[in-house]
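The following note sets out points for a colleague who is reading the model alongside its sequence. Each numbered paragraph takes up one topic.

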Amino acid sequence: MNDTPTETRSVVVEREIPHPPEKIWRALTQPHLIEEWLMKSDFKAVVGHRFNLRGDWGGVLDCEVLAIEPNRKLTYTWNFTHEDAAFDLKSVVTFTLTPTSTGTQLRMEQSGFRPDQRQAYGGAKAGWQQFLEKLEQVLARMD
């Protein structure tokens, strides 16, 4: 089996959020806010910065910031090393923010799931729905 990009799948979640892109951007890039809706992290909005996301489940994700367009686009790796190939994940998460008349269209794509990673793919599909619900709760509390 070769690892060509055509063999991978993506999880895409889109939702209209009634807040401006600048506010959502803060929640996507400030570590104390990231912790409230996603996981503990040592994130910095600097291309090339390596950071970890630490889940309540005990797992640690190794990440690196790949691209930043303030208030528009954020891309980073989302890698989980595991001895079982079905869980050894090398993926990329991209958040795209598009202003709308009532707020922002948020698009999250996590790409890189191999066909043998059905459980990881299913977990991501469910997980991102929950993460983005929490994100909306955090945004509602922010000034």
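1. Asp-62 has a relative accessible area of 37%, which lies between the 20% and 50% limits, so the residue is classed as partly exposed. As the model is a predicted one, this value describes a prediction. Asp-62 belongs to strand S4, which covers residues 60-69.

2. The contacts of Asp-62, leaving aside neighbours within four places in sequence, are with Phe-51, Asn-52, Thr-77, Trp-78, Asn-79 and Thr-81. One of these, Asn-52, is joined to Asp-62 by a polar contact of 2.9 Å between the two side chains. The two residues are 10 apart in sequence, and their C-alpha atoms are separated by 4.9 Å in space.

3. Asn-52 lies in strand S3, residues 50-54. Apart from residues up to four places away in sequence, Asn-52 touches Lys-40, Ser-41, Asp-42, Val-60, Leu-61 and Asp-62.

4. Helix H3 spans residues 118-141, 24 residues in total. From first to last C-alpha, H3 reaches 35 Å, close to the 34 Å expected at 1.5 Å a residue. Its buried residues are Ala-120, Tyr-121, Ala-124, Gly-127, Trp-128, Phe-131, Leu-132, Leu-135, Val-138 and Leu-139.

5. Which elements do the buried residues of H3 pack against? Their partners include two helices, H1 (21-29) and H2 (31-37). The strands packed against them are S1 (9-17), S5 (73-80), S6 (89-100) and S7 (103-113).

6. Taken as a whole, the chain holds 3 helices and 7 strands. Their order from the N terminus is β-α-α-β-β-β-β-β-β-α. The radius of gyration is 15 Å, close to the 15 Å given by the globule rule for 143 residues, so the chain is as compact as a globular protein of that length. Along the principal axes, the C-alpha atoms fill a box of roughly 50 × 30 × 25 Å.

7. Two further totals concern burial and surface. Of the 143 residues in the chain, 43% are buried.

8. On contact range, 49% of the contacts between residues at least 6 apart in sequence join residues at least 24 apart.

Technical notes. Residues numbered from 1 in each chain as written. Predicted model: local features only at pLDDT ≥ 70, side-chain atom pairs only at ≥ 80, totals over all residues. Heavy atoms only, no water. Helix = DSSP H or I, 4+ residues; strand = E, 2+ residues; numbered from the N terminus. Contact = heavy atoms within 4.5 Å. Expected span 1.5 Å × (residues − 1). Buried < 20%, exposed > 50% of the residue type's maximum accessible area, 1.4 Å probe, protein only. Rg over C-alpha atoms; globule rule 2.2 N^0.38 Å. Polar contact = N/O pair within 3.5 Å; in protein donor to acceptor, adjacent residues only side chain to side chain.
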